[in-house]
Amino acid sequence: MDPSRISIRPFKLSDVDDFLKWASDDRVTWNLRWNSITSKEEALEHLEKVAIPHPWRRSICLDDRSVGYISVWQFSGDDRCRANIGYALSTEHWGQGVATIAMKMCLSSVFKDIPDLVRLEAFVEVENRRSQRVAEKVGFLKEGLLRKYMYCKGEIRDYVVYSFLSTDKSL
């Protein structure tokens, strides 16, 4: 994959058709806290009310077309030094290095964009080996296994927790 074709940027309403294409795929949303989007109206509503107003949610783009997302949720108060990060990618682009390149782009800017941020945490389901590899490829440190940690899609699942500090270098 030519890295110059990949970018991350804020979502736009004009992304609706591309967003719907990957956000309606149960294989993409299986590991996400939100369910598959099933209609153009629902996709527009999600973009308007969730994706666009979010302080740090970026569309992963291939040739400026949305093929996934990266989102950073900063904690508040005394915990504002840390944030959770999540990402998803269209199945047609799995295994091509797109998520890895997009995550490197994220890491090169997110600590500048969020000045209080010192630590990013990624919680990846034990079964989601692809996302674990992405986190490891960009320099996240695997910290441990969290057994029966989070409720997702009707079950309590095991997660691996990763961290990346503002002082770490992306690989």
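Predicted model: local features only at pLDDT ≥ 70, side-chain atom pairs only at ≥ 80, totals over all residues.

Q: What does the D17 side chain meet in a salt bridge?

A: The side chain of K40, at 3.4 Å from N to O. D17 sits in helix 1 (residues 16-23) and K40 in helix 3 (residues 40-51), so to speak distant parts of the chain, 23 residues apart.

Q: And K40, how accessible is that?

A: K40 is at 38% relative accessibility, which counts as partly exposed.

Q: What about D18, buried or exposed?

A: D18 is buried, at 14% relative accessibility. Its side chain meets that of R65 in a salt bridge, 2.6 Å from N to O. D18 lies in helix 1 and R65 in strand 3, so the pair ties together parts 47 residues apart in sequence.

Q: How many salt bridges does the count come to?

A: The count is 17. Another of them joins the side chains of R5 and D63, at 2.7 Å from N to O. R5 is in the segment before strand 1 and D63 is in the loop between strand 2 and strand 3, 58 residues apart. R5 is partly exposed at 33%, and D63 is partly exposed at 46%.

Q: OK, switching to the inside. Which residues touch the most other members in the largest nonpolar core?

A: I70, V72, I85, V110, L120 and F140, out of 34 residues in that core. Several elements supply at least two residues each, including strand 3 (65-74), strand 4 (82-89) and strand 7 (155-165).

Q: Which element gives the most?

A: Helix 4, with nine residues.

Q: What is I85 in contact with, leaving aside neighbours within four places in sequence?

A: I70, S71, V72, W73, M103, C106, L120, E121, A122 and F140. There's also another core apart from the largest one, with 15 residues, among them V16, L20, W22 and Y69.

Q: What does Q132 touch, not counting residues up to four places away?

A: V124, E125, V126, V160 and Y162. The C-alpha atoms of Q132 and V161 are separated by 9.4 Å, and the two residues are 29 apart along the chain.

Key
Residues numbered from 1 in each chain as written. Heavy atoms only, no water. Core = buried A, V, L, I, M, F, W, Y, C linked by side-chain atoms within 4.5 Å. Buried < 20%, exposed > 50% of the residue type's maximum accessible area, 1.4 Å probe, protein only. Helix = DSSP H or I, 4+ residues; strand = E, 2+ residues; numbered from the N terminus. Contact = heavy atoms within 4.5 Å. Salt bridge = Lys/Arg side-chain N within 4 Å of Asp/Glu carboxyl O.
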